[in-house]
Amino acid sequence: MEEDSKVESQLTKVVTKDSARATEMAMNVQENLPEKSMEVAMKSPKLVLSDPQPSSSSQVQDIVESKLEEGDSVSQSTASSSSSTSIGDTAIREEEGEPDVKKSKQDRGQEVQKIATTSKAVRSYANGSLQPPSGGKPLMAALTRKLSKPRGRPKRKALVKMYQSEISDNKLGIKLCIKKSDAPSIKQKSSKKRSRKSKAKRASDSDDSDYERKRRKELIKQRANNNTDKGKKELEPFVEPEEQSCWGISLPKNVLHTIFLYAVQEEGCLPTLVNLGRVCSLWYEVSLNSSLWHTLDLSAWVKDRCKTELKLKWFIDNRLKGCQDVNVSNWKVVNVQCVLEKMAETCPNLVGLTMAGWKFLLSDHLNYIVENFKKLERIDLSSINLEANANKTAVGFTSLCNAIQGINGRLTNLCLAHNKLGGLPQIVSALATYCPNLVLLDLSNICTLSMSHAILHIEKLQHGCPKLKVLRITNAQITLSQINLQEQMESPGFPDLEELSVASVAESRIINDECIQRILKSSTKLKLLDVRGCARLTHDSLIRLPTWDLKHLFLSGCSVTRDLGSGLELIASKWAHSLTEIDLAWANVQGPLDNALKALAEKKSESPLSYLNLCGSSVSLEAVKDILSCCPLLSSINLSSCRGLPRGFKRLLQGPTEISELRENLGVQLTVGKKDESSD
């Protein structure tokens, strides 16, 4: 009995050791066991000790007895703390119930042997929990293999070339070889992507018909045959082309020069002369004649990436010696002074200069142009100071007034569109004073610093510039000055004016009947009138205009096309004999619109109408048929978004082919006029 009590007391001491001692004991137990993990279970009153699977009960008993002999006194700790620090190697669980009475040594041995035999059926997991074998969990061997693997993300090896030494025995002695090893290859993770079907599978899954599949196969065969034919052609020997006639080489240079001159007048210098110079050396030599390069447009025929300062200098040195009109819009020039000096040396007889989009053009540069180009008549300064301060750029009112005074009576064309201007009254006053020969004035899309800078003294301009033919103030923040009736009567107007554009993107309430009458009071030669977006303009002012041969009329967005009582029919009747283009887009009154189209169609074979815009209007199908049957010169008609037309016709139709197809679809035939019938 004394031995039993001694064993029991020692067992209690072992169980109540602190967490560090329990961990050390578990590690020692695992070292003495075989490769497989062991589970040692000791059952004392109220406690159960479990370890990984033991190999036999005798080994468990021997290990427990050897540990019991170590009589070290330690501090007591709970069973749960010892199980948490053992990292899956030992698990201690406290059982419920009262401790048993003193047992004999033989009974205790039988109990330990029973626990050891049953421990094979109990499986422990990493968290220390015990699960019955019927739970469907993985075997302990698999768990141990899983737990033995290192946790966390593996460290990536550096992709750096490593140098290894290789020592090899040789007859002469030991030789040290240094070689460069390849960088270790890292296996990339297989990305989980959606599996795509093969082309054959997709073709089988598609809903294509048998004909389409056969057609696809035939196309593939044709492509294969073409590829084989190309290979065969490459193998064929080279055959020299037949000799051409020598008429191009035998022509005298003066004859070629005359031919090239006619071609340039029709098509322009670019790209005509460039293409002609590629024929032969003789044509190239003739195409370099400076007299042919009199008008050069470098804005349309040169790519944007080639519009550099270096390229422009090359053009000036090689092509601008005899040039009289040059367009260098939107070229990326920073050193403006250097380019202007080279241009003044090469082509001092320049008459027209277009420098739109030169952001670095300053007032000093404009003064240099005026002083060095003594024959300059036309200048374009559009889109120069959209964001910069107007006083520092070339289009400041001070620099502009000085330039106008310097050019004096030579100035015929001045374009200031797309700029932020200040002092518009001063600019107009300078033009009226120093430019009596002004023909074109473009003030489209200009912004002003304040309302006081946006006043246009039209009567002063009429007195000072009587030869003005083109006036454009489209979408500009400009208002006409207020004057009395006597000054209006004394004004001569613009008797030679041929084009007036006062259109606005938004509905403008600045231009009204009074403004149109003040500008066009004596313009009998007017050919183009653009009043789109002028909401306050009525038909009365248009009918009273002194011109009788108007060719281009743009009325979309006006009140004339929206009022039921408007005189749209009277306007069309007045100019039906001369109108070649008319814009009636978004006219939402069907009655006046149909009547206006019928008035245009009354001229029949004598009608010169070529372009008709009815986009978004409420035109009827009968009115469209009248136009198609009575206007033989019609080449473009826009029927997009016309609500009164059937489907299939609501689109833009251009060219004689599409117009003839429209006539066939609508069942319309061209009618022959009375004059044509009598002549036949």
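Where is the place of cysteine 615? This is a predicted model, so to speak of it I use computed values throughout. Cysteine 615 sits in a loop. Strand S25, residues 611-613, is on one side of that loop, and helix H24, residues 621-630, is on the other.

Is cysteine 615 buried or exposed? Its relative accessible area is 15%. The cut-off for buried is under 20%, so cysteine 615 counts as buried.

Next, the surroundings. Set aside the neighbours within four places in sequence. Cysteine 615 is then in contact with Ala585, Trp586, Asn638 and Ser640. Take the serine. Serine 640 is 25 residues from cysteine 615 along the chain. Their C-alpha atoms are separated by 4.9 Å.

Now to charges. Side chains of opposite charge can pair when their charged atoms come close. How many salt bridges does the model have? The count comes to 10.

Pair one is aspartate 304 with lysine 307. Their side chains meet in a salt bridge at 3.5 Å, N to O. Look at the accessibility of each partner. Aspartate 304 has 54% relative accessibility and counts as exposed. Lysine 307 has 3% and counts as buried.

Pair two is aspartate 317 with lysine 342. This salt bridge is 3.8 Å, N to O. What does the pair tie together? Aspartate 317 lies in helix H13, residues 309-319, and lysine 342 lies in helix H14, residues 336-346, so the bridge ties together parts that are 25 residues apart in sequence. Aspartate 317 is partly exposed, with a relative accessible area of 35%. Lysine 342 is partly exposed too, at 24%.

Which parts of the chain does the pair link? Distant ones: arginine 472 is in strand S17, residues 470-472, and aspartate 442 is in strand S14, residues 440-442. The two residues are 30 apart. Arginine 472, at 25% relative accessibility, counts as partly exposed. Aspartate 442, at 8%, counts as buried.

To recap. Cysteine 615 is a buried loop residue, in contact with residues including Trp586 and Ser640. Aspartate 317 and lysine 342 bridge helices H13 and H14. Arginine 472 and aspartate 442 link strands S17 and S14.

Terms used:
Residues are numbered from 1 along each chain as its sequence is written. This is a predicted model: local features need pLDDT of at least 70, side-chain atom pairs count only at pLDDT 80 or more; totals for chains, interfaces and linings use all residues. Side-chain values use heavy atoms; hydrogens and water are left out. Helices (H or I, at least four residues) and strands (E, at least two) are DSSP runs, numbered from the N terminus. Buried means under 20% relative accessible area, exposed over 50%, partly exposed in between (1.4 Å probe, protein chains only). Contact means heavy atoms within 4.5 Å. A salt bridge is a side-chain nitrogen of Lys or Arg within 4 Å of a carboxyl oxygen of Asp or Glu.
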